[in-house]
Amino acid sequence: MKLTKLEKETVINFNEEEDFAEVYTCNSHLKKRLAEISRESPESCQFKDKDSYGFVWYNIDKHLISIRKPWSSEARQKAKDRMLSSGVTPPKRNS
């Protein structure tokens, strides 16, 4: 059975007492990132399980979870200008 994009959810669950959060996801990019972190830093990220639908479970250090404010247009433009002045070209976007 193939899941729809709506059904491919990510759930991050943690509490105030424990140092680790549980991540349950079917997002392919996040699964790759978690696997990479798990290989490079097994003390901070441990694979727990997977299921037949493609979901995986990881326990990760809560300090790896981050929520950031969006960039202002001015900050975004400054970062773009710095990148371009250093010779880096942005990737082409599919239209």
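## Ser 38 and its surroundings

Setting aside neighbours within four places in sequence, Ser 38 contacts Cys 45, Gln 46, Phe 47 and Tyr 58. This is a predicted model. Ser 38 sits in helix H1, which covers residues 28-40. Its relative accessibility is 18%. Ser 38 therefore counts as buried, since the cut-off is under 20%. One of its contacts is also polar: a polar side-chain atom of Ser 38 lies 3.3 Å from the backbone oxygen of Cys 45.

## The two helices

H1 has 13 residues, which should span 18 Å at 1.5 Å a residue. The end C-alpha atoms of H1 are 19 Å apart, so the span agrees with that expectation. The N-terminal end of H1 is capped by Asn 27. A side-chain oxygen of Asn 27 lies 3.1 Å from the backbone nitrogen of His 29.

Helix H2 runs over residues 73-85 and has 13 residues. From first C-alpha to last, H2 reaches 18 Å, close to the 18 Å expected at 1.5 Å a residue. Just after H2 comes Gly 87, with a positive phi of about 95°.

## Aromatic pairs

How many aromatic pairs does the count come to? The count is three. One of these joins Tyr 24 and Phe 55. Their rings are stacked, 4.6 Å centre to centre with 5° between the planes. This pair links distant parts of the chain, 31 residues apart. Tyr 24 belongs to strand S2 (residues 20-25). Phe 55 is in the loop between strand S3 (45-50) and strand S4 (56-61). At 5% relative accessibility, Phe 55 counts as buried.

Tyr 24 also pairs with Trp 57. Here the rings are tilted: 4.8 Å centre to centre, 40° between the planes. This pair again links distant parts of the chain, with Tyr 24 in S2 and Trp 57 in S4, 33 residues apart. Trp 57 has 22% relative accessibility and so counts as partly exposed. Together, Tyr 24, Phe 55 and Trp 57 form one aromatic cluster.

## The nonpolar core

In soluble globular proteins, nonpolar side chains tend to be buried together. Which residues make up the largest nonpolar core? There are seven: Ala 21, Val 23, Leu 34, Cys 45, Val 56, Tyr 58 and Ile 60. S2 and S4 each supply at least two of the core residues. The largest share, three residues, comes from S4.

Ile 60 is one of the core residues. Not counting residues up to four places away in sequence, Ile 60 touches Asp 19, Phe 20, Ala 21, Val 23, Leu 34, Ser 44, Cys 45 and Ile 65.

Val 56 is another core member, and is found in strand S4. At 10% relative accessibility, Val 56 counts as buried. Leaving aside neighbours within four places in sequence, Val 56 is in contact with Val 23, Tyr 24, Thr 25, Lys 31, Phe 47, Asp 49 and Lys 50. The C-alpha atoms of Val 56 and Ala 35 are separated by 10.0 Å, and these residues are 21 residues apart along the chain.

Where does Ser 44 lie? Ser 44 is in the loop between H1 and S3. With a relative accessible area of 17%, Ser 44 is buried. Beyond its neighbours within four places in sequence, Ser 44 is in contact with Phe 20, Asn 59, Ile 60, Asp 61 and Leu 64.

## Cysteines

The structure holds zero disulfides. Cys 26 is in no disulfide, and the nearest cysteine sulfur, that of Cys 45, is 17 Å away. The cut-off for a disulfide is 2.5 Å between the sulfur atoms.

Both cysteines are buried. Cys 26 has a relative accessible area of 9%, and Cys 45 has 0%. Cys 45 also belongs to the largest nonpolar core. Its backbone oxygen lies 3.3 Å from a polar side-chain atom of Ser 38.

Key:
Residues are numbered from 1 along each chain as its sequence is written. This is a predicted model: local features need pLDDT of at least 70, side-chain atom pairs count only at pLDDT 80 or more; totals for chains, interfaces and linings use all residues. Side-chain values use heavy atoms; hydrogens and water are left out. Helices (H or I, at least four residues) and strands (E, at least two) are DSSP runs, numbered from the N terminus. Buried means under 20% relative accessible area, exposed over 50%, partly exposed in between (1.4 Å probe, protein chains only). A polar contact is a pair of N or O atoms within 3.5 Å; within protein, one must be able to donate a hydrogen and the other to accept it, and residues adjacent in sequence count only if both atoms are side-chain atoms. Contact means heavy atoms within 4.5 Å. Rings of Phe, Tyr and Trp (its six-membered ring) pair if their centres lie within 6.5 Å; planes under 30 degrees apart count as stacked, over 60 as edge-to-face and the rest as tilted. A nonpolar core is a set of buried Ala, Val, Leu, Ile, Met, Phe, Trp, Tyr and Cys residues joined through side-chain atoms within 4.5 Å. The expected span of a helix is 1.5 Å times one less than its number of residues.
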